[in-house]
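Subject: Structure handover and notes

Hello,

Please find the structure below, followed by my notes on it.

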Amino acid sequence: MRVHVPVAVLGLAAVVGAVGGQPAANTLRVLSYNIHHAEGTDGKLDVARIASVIRAAEPDLVAVQEVDRNTTRTNKVDQAAELARLTKLHGTFARAIDLQGGQYGQAILSRWPIKAVKVHPLPGKKGQEARIAVETTVEPGGGRPALTFVGTHFQHDDPATREEQAAKVNELFGSAGGPVILAGDLNAAPDSKPMKAIAEKWSFATAPDKGLLSIPAEKPRRQIDYVLYRPAGRFRVVQAKVIAEPVASDHRPVLAVLEWAGD
């Protein structure tokens with residue numbers, strides 16, 4: 001049975017959702033997935049296919065990029081709401097821009113109720129697509145603390161803007177006292193300036209030395225999708241991998257399994 005849970009929504013977000021199965025004790029399964037508004041490399045628009053990929057990963061937390069809400073190009077479907085319904089996870093949508101009679105942005109899915117949502121604008125130049133970081137608060141329970149889960153999507157075509165966006169994310173979350181997990185499409189290689197700046201404040205769950213290539217989906221050659229966390233001592237990385245899904249989107253999803261290491 002699907003259970004809708006009201007949450008306080010800050011900024012430009014709408015929340016929908018449901019409760020999935022029980023997570024493994026003391027671990028967090030974190031997925032980042034750029035879904036290309038659910039249009040696959042085969043040209044088919046299929047939200048259910050994306051939901052199936054997510055469900056198979058059995059995630060606790062999901063950062064989803066390139067999500068449409070009620071746009072013409074995706075048949076006026078609220079994709080965040082539909083993903084929440086199909087995966088039986090709680091969900092929130094965060095608007096980055098208005099598009100084709102609807103909105104376009106990001107979504108967060110969570111096994112647990114989302115206690116708060118805040119949308120942070122990121123720096124950008126005139127004429128560039130507006131970019132955001134979506135801050136959510138969840139309470140996993142089972143001996144794990146309340147934590148902040150942040151999804152983001154950096155500028156794709158301007159390294160200087162990505163550096164500014166990385167600096168903003170560090171400013172917003174790099175000094176937080178509690179545990180924070182950051183996931184998203186950062187559009188930057190591990191050895192780039194933006195990622196070196198990120199690495200000053202964050203630990204990589206999807207480590208650069210593991211060659212976790214996620215794009216293009218059919219035959220990945222680049223690592224630009226990440227899961228990161230802080231403070232360093234709060235988590236241990238149990239597993240990190242790219243899910244071998246070559247069709248559902250132009251990115252493959254990346255999964256990190258984190259174990260809570262305590263205070």
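Lys44 sits in the loop between β3 and α1; helices (H or I, at least four residues) and strands (E, at least two) are DSSP runs, numbered from the N terminus. With a relative accessible area of 53%, Lys44 is exposed. The cut-offs are under 20% relative accessible area for buried, over 50% for exposed, and partly exposed in between, with a 1.4 Å probe and protein chains only. Leaving out residues up to four places away in sequence, Lys44 touches Ala38, Glu39 and Arg49, where contact means heavy atoms within 4.5 Å. Lys44 and Ser249 are 205 residues apart along the chain, and their C-alpha atoms are separated by 9.5 Å.

Before the rest, the basis of these notes. This is a predicted model, in which local features need pLDDT of at least 70 and side-chain atom pairs count only at pLDDT 80 or more, while totals for chains, interfaces and linings use all residues. Residues are numbered from 1 along each chain as its sequence is written, and side-chain values use heavy atoms, with hydrogens and water left out.

Helix α1 and its packing

The N-terminal end of α1 (residues 47–57) is capped by Asp46, which has a side-chain oxygen 3.2 Å from the backbone nitrogen of Ala48. After α1 comes Glu58, with a positive phi near 50°. The buried residues of α1 are Val47, Arg49, Ile50, Ala51, Val53, Ile54 and Ala57. Their cover includes β3 (27–34), β4, α2, β6 (102–110) and β14 (254–260).

As for α2 (residues 79–87), its axis and that of α1 come within 9 Å and cross at roughly 50°. Axes here are lines fitted to C-alpha atoms, for helices over the stretch in contact, and angles run from 0 to 180 degrees between N-to-C directions. The two helices, α1 and α2, are therefore oblique to each other: angles under 35 degrees count as roughly parallel, over 145 as roughly antiparallel, 65 to 115 as roughly perpendicular, and the rest as oblique. The contact is made by Val47, Ala48, Ile50, Ala51, Ile54 and Arg55 on the α1 side and by Gln79, Glu82, Leu83, Leu86 and Thr87 on the α2 side.

Asp68 in β4

Asp68 belongs to strand β4 (residues 61–69) and counts as buried at 0% relative accessibility. The side chains of Asp68 and Arg73 are joined by a polar contact of 2.7 Å. A polar contact is a pair of N or O atoms within 3.5 Å; within protein, one must be able to donate a hydrogen and the other to accept it, and residues adjacent in sequence count only if both atoms are side-chain atoms. Beyond four places in sequence, the residues that Asp68 touches include His37, Val77, Gln79, Leu99 and Tyr104.

Strand β9 (residues 147–153) is mostly covered, with seven of its seven residues buried. Leu147, Phe149, Gly151 and His153 point one way from β9, and Thr148, Val150 and Thr152 point the other way. In a regular strand the side chains alternate between the two faces of the sheet. Six bridges pair β9 with β8 (residues 132–138) in the antiparallel sense, and Thr137 stands opposite Thr148 of β9; two strands pair if DSSP finds at least two bridges between them. β9 and β10 run parallel and are joined by six bridges, with Gly151 opposite Ala183 of β10.

His153 of β9 is buried, at 6% relative accessibility. Its side chain makes polar contacts with those of Arg131, at 3.3 Å, and Asp185, at 3.1 Å. Among the other residues that His153 touches, beyond four places in sequence, are Asn34, Gln65, Glu66 and Gln106.

Strand β10 (residues 180–185) is also joined to β12 by six bridges, and these two run antiparallel. The partner of Val180 in β12 is Arg230. Strand β11 (residues 203–204) is antiparallel to β12 too, over two bridges, and Ser203 has Tyr229 as its bridge partner there.

Six of the six residues of β12 (residues 225–230) are buried, so this strand is largely enclosed by the rest of the structure. Asp225, Val227 and Tyr229 point one way from β12, with Tyr226, Leu228 and Arg230 pointing the other way.

Regards
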